[in-house]
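Please look over the sequence and the structure below. The paragraphs that follow go through a few contacts within and between the chains.

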Amino acid sequence: MDTYDSQGPTSRRRTSNLKDYFVSATPLQKRLKLARRQSSVFPSPSRRKIPQCSQLQEDIDPQKVAFLLHKQWTVYSLTPLYKFSYSNLKDYSRLLSAFIAAEKQKGLAVEVGEDFNIKVIFSTLLGVKGTQRDPEAFLVQIRSESQSSREHRQDKVLWTGWFCCVFGENLQETVSEDFTCLPLFLAHGAESNTSLIGGWFQKTFDCCFSPLAISAFNLSWMAAMWTACKMDHYMATTEFFWSVPCSPQSLDISYAIHPEDAKALWDSVHKTPGEVTQEEVDLFMNCLYSHFHRHFRIHLSATRLVRVSTSVASAHTDGKIKILCHKYLIGVLAYMTELAIFQIE
Amino acid sequence: VGVPVRTWLSRVSRRRPADPSELVSTEDALLQQLAESVLKIDCATELRVHLANSLPLPSNANRPRIDLIVFVINLHSKYSLQKVEESLNHVDSSFFLGKVCFLVTGAGRESHCSVHQNTVMKLAHTYRSPLLFCDLQVESFRAAMAQRLVRVLQVCAGHVPGISALNLLSLLRSPENPPSKEL
């Protein structure tokens, strides 16, 4: 018992020392604290803000980001890049071009057809971020230089990939100064090019890519949030796709609604202005499920939601998105960044 | 999904009276497999497992006293959660003193989940009952979970001297708010 008593005060002193140690937390300790707090598999705030046109949007030249829209992007989450510098973009272009040329000589790169010269271009994407503290987004493109001398610029874009971070302050706080946090990576083009460039980035900046799968839970959040966005005119019908697992092969169910009907349904469910809550998302989806059940006697809630498509954007559970409306580009990217950060952590 | 399945599975072994347990869920195949795993467990008493898609059970059947109700929720299916929530209303409150537990499957494949883990944790907390996680599709996990369930069943039936269902429940309760996940 004596040993217990003597250990009592010392252990108390020790824990208070530890507490002091944590108050001036290094980035690593902040990460550990964050990791310990997260017990669930994916993020579940009970409410999120409906995407609005943020002030930064005004700075974005719609022409410059037009090429980001109407394209299907495969989404990856990316850990912070070590010692990445925006002033070295030209050097990175040269290094990556050389790397790809070398790989091509080894016979590993994709055949482009004729013997084009491959050019890699790094450029910053101004304005594609949430707050001023987010790092600048940047773009990597593989262009083939045509040999014909008739027209000066006849570059064909073979592959496009861009890195961005929208409202990612939480992640930036947990890493030291040497790291640049751009957790969202989107690629369009041949898969072999993606893995080639991904490999180069992993070697050069000591980071790690992983495909971002979007769960049915998050897809229903996206459906609700994007239906909630105010649109002047609707370009596409609102569609949902479910996959029913059954032998021998799975059944796919698609459910298309007129976008104005979807918005009307959302408005009847929606209460708090400017925010979307978990209850509203559940209610919105349950209305769709019960309507379907009434007509077809199928319980959609027992199946798996695999794809959601609205006039704002569409998303597939395998991690593919397509953004259709430039007004809400930042809003869509903000949600994707949140998912990417969650996957990294 | 759809057609309710109710079967009595039993295996008579030795002298002591039966320990019936009840598995409630919409996931028929998983329930069947879990029930079979439970019945494979060698124990001194007679085990009976009753499967149901939802409660209440029809009142006309003549069945022995139920010692344990296990609600199986598949995180991939919102429908299974809805059915369990509806069924909970039909359970007599005396069962919630240790004779009810929630078993969650499907948490491993995150991309297929339509139900958030916090939802089931809140449900288990509301009903003050233990929450167990198990991937029921994997044979070895299923066998391990079956062993746990049989042990809980034996306690609930009063066949383990010195422990009652209520004792076990208070042992399982963790000091912080969320209920314990481990048995």
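A salt bridge is a side-chain nitrogen of Lys or Arg within 4 Å of a carboxyl oxygen of Asp or Glu. This is a predicted model, in which local features need pLDDT of at least 70 and side-chain atom pairs count only at pLDDT 80 or more, while totals for chains, interfaces and linings use all residues; side-chain values use heavy atoms, with hydrogens and water left out. Residues are numbered from 1 along each chain as its sequence is written, and chains are lettered from A and ligands numbered from 1 in the order in which they are written.

Between chain A and chain B there is one salt bridge. It joins the side chains of Lys78(B) and Asp282(A), at 3.9 Å from N to O. Helix 8 and helix 10 of chain A each supply at least two residues of the side of chain A that touches chain B (helices are DSSP runs of H or I, at least four residues, and strands runs of E, at least two, numbered from the N terminus). Helix 10 of chain A gives the most to that side, with four residues. Sorted by class, the side has 10 nonpolar, nine polar and two charged residues; Ala, Val, Leu, Ile, Met, Phe, Trp, Tyr, Cys and Pro count as nonpolar, Asp, Glu, Lys and Arg as charged, and the others, Gly among them, as polar.

How do helix 8 and helix 10 of chain A lie, and at what angle do their axes cross? The axes of helix 8 (residues 216–228) and helix 10 (residues 278–296) of chain A come within 9 Å and cross at roughly 90 degrees. Axes are lines fitted to C-alpha atoms, for helices over the stretch in contact, and angles run from 0 to 180 degrees between N-to-C directions. The two helices of chain A are therefore roughly perpendicular (65 to 115 degrees; under 35 is roughly parallel, over 145 roughly antiparallel and the rest oblique). Residues in this contact (heavy atoms within 4.5 Å) include Phe217(A) and Trp221(A) of helix 8 and Phe284(A) and Met285(A) of helix 10. The contact residues divide into seven nonpolar, three polar and no charged.

Over all chains, the whole structure has nine salt bridges. One joins the side chains of Asp178(A) and Lys83(A), at 3.8 Å from N to O. Asp178(A) lies in the loop between helix 6 and strand 7 of chain A and Lys83(A) in the loop between strand 3 and helix 5 of chain A, so the pair ties together parts that are 95 residues apart in sequence.
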